[in-house]
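Take a look at the structure below. We will walk through it step by step.

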Amino acid sequence: MYETLKVERHGPVGWLINNRPDRLNAMNNAMRDEFAEAWKELDADPAVRVIVHTGEGRAFQTGADMIEIASDGIGFERYRESSEKFDFHFTSWHNDVWKPVITAVNGICAGGGFHWIADADIVIASCDATFLDPHVSVGQVAAYELIGLARRMPFEAVLRMALVGRHERMSAERALALGMISQVVDPPERLREEAQALAEKIARNSPAAMAATKRALWGALERGLTDACRAGATELVSMWGHPDQVEGPLAFAEKREPQWATIEGSGSS
Amino acid sequence: MNAYSTLLVEREGPVGWLIFNRPQAGNAMDAVMLDELEAAWRELDEDPDVRVIVNTGQGGVFQTGLDVVQLSRDPDALRKQSGRTRRAELRLTSWQNAVWKPVIAAVNGMCAGGGLHFVADADIVLAASNATFLDTHVSVGQVAAYELIALARRMPFEAVLRMALVGRHERMSAERALALGMISQVVDPPENLREEAQALAEKIARNSPAAMAATKRALWGALEQGLTDACKSGATELVSMWGHPDQVEGPSAFAEKREPQWAAPTTARPTSET
């Protein structure tokens, strides 16, 4: 049971839903801990093939809960050690989740909310979603989430959000044009339906092949091109001899859905 | 304040302007401009009243790279420039001069060849609707390297290779540059470019100078490393602001619905540059 999140299952799709709508889904300390638990739960469940992450209410995520930080008498010091060591566990990437993760941005995404865009595999948004990073407008530094974002979209747009701060918002349309997201859902009420439909398409693919593909592509962000290809080779060859490599072509020839081998969640390994 | 013969350096409120001023020569960089650029970036960086810098050009052209004709007549300047080029120690742009204040390039017309340095190394890039982009290097037997290497970190690779290889035989429009995310805003009519750049700069000037400098260091530094290492280095920049007065002032001003009074920026720069 979670206090700040909802975890649901719909067919092969696991849903992780930010559930502090009265605080624009800002992450307090309890939510920070629950994220780590929820990602592990969904990753460890073999019936969950794909994970969708979204929010309740008019915001997707607005980063750290500034009210808690300003009022709990500890402030950012609570996070000093984990920040200095970059020892975080609130996104799928932090938790080594190698199942496909879709972020469905249902409204405002601000500041630390970008963690779940930067660290997702696929991002879609409702047409009324907006994006901004107000860190520098309140004397904070924008780092991890924008460093991650800059690997997946043009740098100029990232710097513009970083430096203009709260004085400008990016629209879902511009985010689509820039390739920050791949789909805008209009009307906004259909966001979850579209995310479920996309997740079900992905769930038809080989779980083992998708996990190895994710490891190859995310691993490539750590390296220069030639080294990334060499590391990718390990992932590629790891599937040779796997039962899915027999089942895939066979199912295709027999015009039926493949029966893939189930995989263990990799988060704990 | 220095006097420049190839640049204009101006101030308007919290915004410093660095303007290429050789319109008769396509704003190309001659030996004098090469020296003056370094001095002008430093002057604006060291002025605590300047919170944001805008870089643009006089006339119908933004910047067209090295003035090869003039440089070939000045053997000393050519030797100095060649040495810096060989060692990748150019001092043309804000990035090359370690300027950590926000820098906006406002491309007012053609940007060719070495002019792309100032697009690649800016934080934010606006362009007039009649601006064009091309890299002429290979059409005159030169290699395009630094400026396109940097551009390829900030926009799709295919578009960079196309500019690199088609050379002077094709120009990219401002609209296409916007679609590719090379720039974030096209200003139409073109005459409004400076006004729009000033307005954007003034928005940016409302943010914490110290937080922006640390954010710039984190994001530009990340281009040097793999993702995980970059995040670890970014942590140092992030935590560096904890305890800074701006971190108290920001939320207080927000709660009290007033403009924050930020600490004046300090310009920590290496002193031993030559």
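The paragraphs below go from the chain contact to a helix pair and then to one residue.

This is a predicted model, where local features need pLDDT of at least 70, side-chain atom pairs count only at pLDDT 80 or more, and totals for chains, interfaces and linings use all residues. Residues are numbered from 1 along each chain as its sequence is written, while chains are lettered from A and ligands numbered from 1 in the order in which they are written.

Start where the chains meet. In chain A, 41 residues are in contact with 44 residues of chain B. Contact means that the C-beta atoms of two residues, placed from the backbone, lie within 7 Å. On the chain A side, α6(A) gives the most, with 9 residues. Helices are DSSP runs (H or I, at least four residues), numbered from the N terminus. This side of chain A divides into 25 nonpolar, 8 polar and 8 charged residues. Ala, Val, Leu, Ile, Met, Phe, Trp, Tyr, Cys and Pro count as nonpolar, Asp, Glu, Lys and Arg as charged, and the others, Gly among them, as polar.

Now stay in chain A. The axes of α9 (residues 207-220) and α10 (residues 225-238) of chain A come within 9 Å and cross at roughly 170°. Axes are lines fitted to C-alpha atoms, for helices over the stretch in contact, and angles run from 0 to 180 degrees between N-to-C directions. α9(A) and α10(A) are therefore roughly antiparallel, a term for angles over 145 degrees.

Last, find B:Leu78 in helix α3 of chain B.

Note on methods. Helices (H or I, at least four residues) and strands (E, at least two) are DSSP runs, numbered from the N terminus. Angles under 35 degrees count as roughly parallel, over 145 as roughly antiparallel, 65 to 115 as roughly perpendicular and the rest as oblique.
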